[in-house]
Each structure stands twice: as structure tokens, then as C-alpha cells.
Amino acid sequence: MNARPAQRAAAAAAAALALTALSACSSGDAPAPAAAGKVSVAGVEIAKDQALHDMLPEKIRKTGTVRVATDVPYPPFEMFVKEGGSELTGLDYDLGQALGAKLGVTFAFTPQKFDGIVPAIQAGKFDAAMSAITDNKERQQVVDFVDYSRSGSGILVADGNPSSIADLDGLCGRKVAVQVATNQLDLLRSHQASCTKAGRQKIDIQTYPKDSDAQLALRSGKVVAQVLTKPAAGWVAKTADEGKAFDLVEDPAAPGGYEASPNGIAVSKHLPELTDAIRKALQTLIDDGTVTKIYDKYGVASIAVEEATKNAAVD
């Protein structure tokens, strides 16, 4: 996501809010080996495609492993199953296991600080990275991307959406929570002109130092909505109080969220065959519905794409 570095605090807060749900996860929620070399991910059994396997670079076919960097936690993309543990879960992790199963190799995830991911790929420490990385033209100079989702900002409301908010225009004249120093604050400020043009009052923007503070304000009725990244909003809506605290507003005009941009699997430019194999494997998983099921598991099916593209940056 474009705002990923700025959203680190928001992600940590979302992880804290969903701690109960995470602690309740078991190893049975993670991708598990199945019979005849298949892997089960999000209830789908995935088998090796020999033709796709043959597309892989020789060194990866020999080792049977794709070395993947990821920055943990960043819910719902990457998380630890239990706080203080090392077992991973999350959308990126599950998708990586599905891709590995389809390609007949293991996607081995290793935690790496976000700002060090691309340099580590350049240095040859990793073959790829799956960490909700925004595909942009600057990064394309040193890595290639296989784009697997589009995500932007979303609107979180109280359970049942009592104020009947359907889109950004529905926030005009209302108190809305947002974390300081985020793209979402900029989004709300830029929408003020639309409210005025429509003859409505401006959004009463209530800023909070942490994402969790904003959600507490929403819980207590001090605001009618919170604006945050759509994947985080979807995860919070799905997990907080077992899904009974909040709802995610789905605006048909912005299925991936407002000002959505592509997220991509970053791949070393020294491994073009790996990029092509991942892209084709991803398309297969999109076409058979596996991707939708994985994303739906984390409450963000709407950020999925219909086509696995390469280097589709919008900047």
C-alpha cells in the first residue's frame, strides 16, 4: 500500500485489537499438507502443476524452495498465529503456500524489516517478497512485481451500520475518526470540497494518535465512522468481538477501497522465469476461485484482482 510505512502504527493497533482472535487461531487454521502431495489452503486442496513447475529457474527447481521476505505483523496480510510465537498466518502467507503448492515448491517465509526487503532481494538474500508492497515505478527499477490485489482506504462503522453510511459522501456533516499523519487523513481533507460542492456540511474530522483510539471512539459512539486502510478495516470488522463490533462499508464504486493502488509480489530481476511462473500460477488460482476464498478468510475479498498482472503501477 502507498501508505505502508506511515501505517505501521495503525497495523500494530489493529493487531492488538484483534489479539483475541489471533490467539484463538490454531495450527489447523494455517495451510496444511494433504494427501498425494497436495496442500490445503482456505479449505481448497491445491496440487502441483508440472507445466508451471517446469517454468521455474533451475536453481529453484533443484532446491525446491522460494525464499520469501515478509514484514510481520501487518494484519491481515502477515501476522503471527500467537503473540510472541514464530508461526505465521495471514493473507500473504496463505497465498504464498497456495502458489508454492501449485508450483510444486515451498514458499519459505522469513521476517525482514520492511525498509530492508527490497535491498535484501537485490543482495540475493531472498528470491521474492510478499508483504503488502505497493507496486510503484520507483521500486520497479530494482524488482519486478506480480500484482495480486488492489487496496486503498475503507470505512469502518458500528455493527449494523446504524447511520446508513454507503460511501465517502455519507460522511459529510458527520464526526469521523482517523489516525493522524496517514493517507486516510489526507483523503478526508481532500473530500471536504466535494461536501461543500454538494451543499453539505464538511466532515467533522476527529484525529487520534493511534488506530485503536479511533476504534474506541467508534465503539463509544463519539464518531459514526473511522477511515483506515481497507484491508485493516475488513480484518477488524471480521475479528473484533467475533465480528459483532464493526461492519465494513462496501462501496461498489470503489471495490478495492478509495484511491486504491496495486499490491505486488516483488521478485528479483535476476529471476524472470520465477516472475512468469508466479504470475501464471496466480492466474490459475484466481480462475479456480482459490484466491477469492483466501481473501474472504480475512474479510477482504473485494481487494482481489481478476487478472494477475506484471508491473501494473498506477503512479
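Predicted model: local features only at pLDDT ≥ 70, side-chain atom pairs only at ≥ 80, totals over all residues.
Is the link of C172 and C195 left-handed or right-handed? The angle about its S-S bond is -80°, and the link is left-handed.

The bond runs from C172 to C195, with an S to S distance of 2.0 Å. The disulfide count for the model comes to one. The two cysteines belong to distant parts of the chain, 23 residues apart. C172 lies in the loop between β9 (143-158) and β10 (175-179), whereas C195 is part of helix α8 (residues 183-197). The cut-off for a buried residue is under 20% relative accessible area. C172 has a relative accessible area of 10%, so C172 is buried. C195 is at 0% relative accessibility and therefore also counts as buried.

Burial is also the theme in strand β8 (residues 128-134). Seven of the seven residues of this strand are buried, so β8 is largely enclosed by the rest of the structure. Its pairing can be followed through two other strands. Strand β4 (residues 65-70) pairs with β8 in the parallel sense, over two bridges. Strand β14 (residues 258-268) pairs with β8 in the antiparallel sense, over four bridges. In that pairing, A129 stands opposite A266 of β14.

In helix α9 (residues 211-219), the buried residues include D211 and S212, followed along the helix by A214 and Q215, and then by A217 and L218. Just after α9 comes G221, which takes a positive phi of about 85°.

A helix-helix contact is found between α5 (residues 91-103) and α11 (residues 272-287). The axes of these two helices come within 10 Å and cross at roughly 105°. Angles of 65 to 115 degrees count as roughly perpendicular, so α5 is roughly perpendicular to α11. On the α5 side, the contact is made by L95, A98, L99, K102 and L103. On the α11 side, the contributing residues are A277, I278, A281, L282, T284 and L285. Sorted by class, the contact of α5 with α11 has nine nonpolar residues, one polar residue and one charged residue.

Technical notes:
Residues numbered from 1 in each chain as written. Heavy atoms only, no water. Buried < 20%, exposed > 50% of the residue type's maximum accessible area, 1.4 Å probe, protein only. Pairing = 2+ DSSP bridges. Disulfide = S-S within 2.5 Å. Axes fitted to C-alpha atoms, helices over the stretch in contact; angles between N-to-C directions. Parallel < 35°, antiparallel > 145°, perpendicular 65-115°, else oblique. Contact = heavy atoms within 4.5 Å. Nonpolar A, V, L, I, M, F, W, Y, C, P; charged D, E, K, R; others polar.
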